Amino acid sequence: MKESPGKSRICPALKTFFSDTMGGILHHCNGTNKCRRLDPKLEKKLVDSIKRRNSSGKNTFRSINSIIMRFPQFKEGLRKIKGVFERYDEDSNGTIDREELKKCLETLQLHLTGKEIEDLFQSCDVDGEEGIQFKEFIVLLCLIYLLMEPSSPHTTSKMGSELEATFNTIVEAFLFFDKNGDGKLNRKEMVKAMNEASPWERSPGHITKTRFKELDSNKCGQVSFKEFLFALISWVGFETDNEEELSV
């Protein structure tokens, strides 16, 4: 079948990779300890922040292909966050406890109330081990970044431009899927996004439905930014790379 002029065809290998990779995500959220939802007030504040970004209309992603091609940049950004994590994991036990988290946020000048910090801690500590592991730390720090802006326009955090650029790119990837701009993802939006670059090579409906169910860890019919963020980290494969490096 000839391709229509002017239309970009998504690389079959990349599309297969993306579909297959989604099959193994979020296992830690599908056990007995489900992903905890944010406090409703924090969740609303987070969704409002995402909506404001969507209203700007600026997004460099036009297809699944373009997101996958940015995986190397995603990985590099996650490595920098790994450095922050290790700096504040003072006892080097692989997790950040509440006191270590407070010190981290104070140093980065990310000012939240004690209740907000506790809610974020509980929400991101998905394995219930009373400590934030690296993957959970990425999610927590990105959520805080979104919650902090633009409420304090004259206050500059010490998070650093590189980390902020990584979080901005992650939000753009989410907004590529969030076609109606409501700060949540539904199955219809995912189907549209998966087939946007190649309508003549559509993903089978049952596969898209299965992948969406894997994303929707709390089975509410919508995927939150937090759920998407956990998934994206797995798609990028950063944890796999780290495990291979440690085994050498």
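In which helix is the place of E43? Select E43 and the answer is helix α2, where helices (H or I, at least four residues) and strands (E, at least two) are DSSP runs numbered from the N terminus. Before going further, note that this is a predicted model, in which local features need pLDDT of at least 70 and side-chain atom pairs count only at pLDDT 80 or more, while totals for chains, interfaces and linings use all residues. Residues are numbered from 1 along each chain as its sequence is written, and side-chain values use heavy atoms, with hydrogens and water left out.

**The whole chain**

Show the protein as a cartoon, and 12 helices and 0 strands come into view. Buried residues make up 47% of the 248 residues, where buried means under 20% relative accessible area, exposed over 50%, and partly exposed in between (1.4 Å probe, protein chains only). With contact taken as heavy atoms within 4.5 Å, 72% of the contacts between residues at least 6 apart in sequence join residues at least 24 apart.

**E43 and its partner**

Leaving aside residues up to four places away in sequence, E43 touches L38, K184 and S224.

The structure holds 10 salt bridges in total, and a second one to select joins R79 to E76, whose closest N and O atoms are 3.8 Å apart. R79 and E76 are 3 residues apart in helix α4 (residues 71-88), so about one helical turn separates them. R79 counts as partly exposed because its relative accessibility is 36%, and E76, at 38%, likewise counts as partly exposed.

Next, select K103 and E90, whose side chains meet in a salt bridge of 3.4 Å, N to O. K103 lies in helix α5 (residues 98-107) and E90 in the loop between α4 and α5, so this pair ties together parts that are 13 residues apart in sequence. At 39% relative accessibility, K103 counts as partly exposed. Elsewhere, salt bridges that share partners join E76, R79, K80 and E162 into one network.

**Helix α5 from end to end**

Which residues of α5 are buried? Select E100, L101, C104 and L105, which are buried in this helix. Viewed down the axis of α5, its buried residues fall within an arc of 130° (the arc being that of the directions from the helix axis to the C-beta atoms), so they line one face of the helix. The buried residues of α5 pack against α4, α6 (114-124) and α7 (134-148).

At the start of α5, zoom in on D97, a side-chain oxygen of which reaches to within 3.2 Å of the backbone nitrogen of E99. Past the other end, α5 is followed by Q109, whose phi is positive, near 55°.

How many disulfides does the count come to? The count is 0 disulfides, a disulfide being a pair of cysteine sulfur atoms within 2.5 Å. The closest cysteine sulfur to that of C142 is in C124, at 9.9 Å, which is too far for a bond. C124 counts as buried because its relative accessibility is 0%, and C142 is also buried, at 0%.

**Annotated segments**

Finally, colour the chain by its UniProt annotation: the unreviewed entry places the feature "domain: EF-hand" at residues 76-111, 112-147, 165-200 and 203-238. UniProt positions are given in the numbering used here, feature names are shortened, and annotations may be inferred rather than shown by experiment. Over residues 76-111 the model is 64% helix and 0% strand, with the end C-alpha atoms 26 Å apart. Over residues 112-147 the chain is 69% helix and 0% strand, and there the end C-alpha atoms are 9 Å apart.

Note on methods. Salt bridge = Lys/Arg side-chain N within 4 Å of Asp/Glu carboxyl O. Polar contact = N/O pair within 3.5 Å; in protein donor to acceptor, adjacent residues only side chain to side chain.
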